[in-house]
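Please look over the sequence and the structure first.

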Amino acid sequence: MSDRSITLPSFAKINWTLEVRGRRTDGYHELCTVFQTVDLHDTVVFSEAEELTLECSDPTIPVGEENLILRAARLLERGGGVRRGARIFLEKRIPASGGLGGGSSNAAVALLGLATLWGLGPSAAELASMAEVLGSDVPFFLVGGTAAAAGRGEELAPMQDISEPFLVLLNPGVRVGTAEAFKGLNMQNLTDIRPESTLAFCLKGAGSLQIEQGQLVNDFEASVFEREPGIREARDFLSAKGARVAQMSGSGSTIFAVFDKEETRQATLKATLRENWRMFAAATLSRTEYREALDPCHRLLPISF
Ligand code: C5P
C-alpha cells in the first residue's frame, strides 16, 4: 500500500456579532451572526490505512466515534456507499469548548480531506448537507472568510472580507458547553425575540457592520459572564490594554480583541497572565486565503462563494 497523505489546516472562527432571536419549534435557536475565519489553526493529517483511526496531540480530547472527525468519516462512507480506512492525526491548538469553532472546523476539514483521500466526489450541496448534520457551525467552514449566517447558523451569505490584522484571542481556561449556554440564556434580554428572522434580514444588518465597541453584540455575554465571572475579567483585561473591541466569541469562553496597532498588541501579548489563561496572536483570514489553504481539496469547495 502507498503511504499517501494529505495535511490540512483547520482554522478557528470568531463571531463579530451574535444575536439570538428566539427559540424554534425544533428546540434550536434562531440566530443572526457574522462569522469570521482567523489564522489560529489545528492541523489534521489524513493518511491511507486499512482501519479508520484518530489520534490527537491533546489527551483531553475524546477520540472515539463521538469525535466529529470520525462522525464526518462515517457520514462520507454512508453517502458514498463505501467502507474505507484512514489514519488521522489531529494536532490541536484551538482551545476546546472555547467558542472558536474548533470541533466544527475539524469536522468540515475531515469531510474535505477524507473525500479527497478516498477519491469520492460529493457535490457541494451534498457536502453542505453532511456539514449541517454534523453541527450548526460546520457549513461555515466549507466557505470561510466573512459570512452572515441565519437559521441555526447553517444558512450562509458570504460578505465582503473584514480585515483586522492585530487580533488577540484570550481563553480564560473555562470550557462552556454550547447546549448549556443556550439553555442559560435570559430570553428577555436578547436583541430581538422575534423568531421570524431570515437570512436576508440578517444580511441587511450585517452589511453595515462597524468593528467598534458598542456596535457589536453577543447575546450570550450577560448570562455566561454571570455564571463564569472569569470570562468577564478576561474581557475587561483586554479592554484595559487598549483594545478597540473586546468581546466574547460564540457561546464562550474565548474573548477576541481587536487592536489598532501592532505595538499595543505586542504589549498585551507580553503581559503576565493568570494561571490557566492562554493568549494567541491572530489575524483575520479572507475567503481567498481560506480556500488557498485548503487547495488540496479545491475541487470540492463550493464555486459560488
Ligand atoms: O448544532 P450543534 O450540535 O453545534 O449545537 C449544539 C447544541 O447547541 C444543540 O444541541 C442545541 O442545544 C444548541 N443550539 C441551539 N441553537 C442553535 C445552535 C445550537 O439551541 N442555533
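Is Phe220 buried or exposed? Phe220 is buried, with a relative accessible area of 1%. Buried means under 20% relative accessible area, exposed over 50%, and partly exposed in between, with a 1.4 Å probe and protein chains only.

The model is predicted: local features need pLDDT of at least 70, side-chain atom pairs count only at pLDDT 80 or more, and totals for chains, interfaces and linings use all residues. Residues are numbered from 1 along each chain as its sequence is written, and side-chain values use heavy atoms, with hydrogens and water left out.

**Aromatic pairs**

A search of the whole structure finds six aromatic pairs. Rings of Phe, Tyr and Trp (its six-membered ring) pair if their centres lie within 6.5 Å; planes under 30 degrees apart count as stacked, over 60 as edge-to-face and the rest as tilted. Two of the pairs are set out here.

| Pair | Centre to centre | Between the planes | Type |
|---|---|---|---|
| Phe140 and Phe141 | 5.3 Å | 65° | edge-to-face |
| Phe182 and Phe220 | 4.9 Å | 85° | edge-to-face |

The pair of Phe182 and Phe220 links distant parts of the chain, 38 residues apart. Phe182 is in helix H4 (residues 178-183), while Phe220 is in the loop between H5 and helix H6 (221-227). Helices (H or I, at least four residues) and strands (E, at least two) are DSSP runs, numbered from the N terminus. Phe140 and Phe141 are both buried, and together with Phe35 they form one aromatic cluster.

**The ligand**

Phe182 is also one of the residues that surround the ligand. Others around the ligand include His29, Ser136 and Arg152; a residue counts as near if one of its heavy atoms lies within 4 Å. An N or O atom in the side chain of His29 is 2.7 Å from an oxygen atom of the ligand. For Ser136, a polar side-chain atom lies 2.5 Å from an oxygen atom of the ligand. A polar backbone atom of Arg152 is 3.0 Å from a nitrogen atom of the ligand. On its own the ligand has 450 Å² of accessible area (Shrake-Rupley method, 1.4 Å probe), and the protein covers 73% of that area.

**Helix H5**

In helix H5 (residues 199-207), the buried residues are Leu199, Cys202 and Ala206. Seen down the axis of H5, these fall within an arc of 65°, so they line one face of the helix. The face turned away from the buried side carries the exposed residues Ala200, Lys204 and Gly207.

Conventions:
The arc is that of the directions from the helix axis to the C-beta atoms. A polar contact is a pair of N or O atoms within 3.5 Å; within protein, one must be able to donate a hydrogen and the other to accept it, and residues adjacent in sequence count only if both atoms are side-chain atoms.
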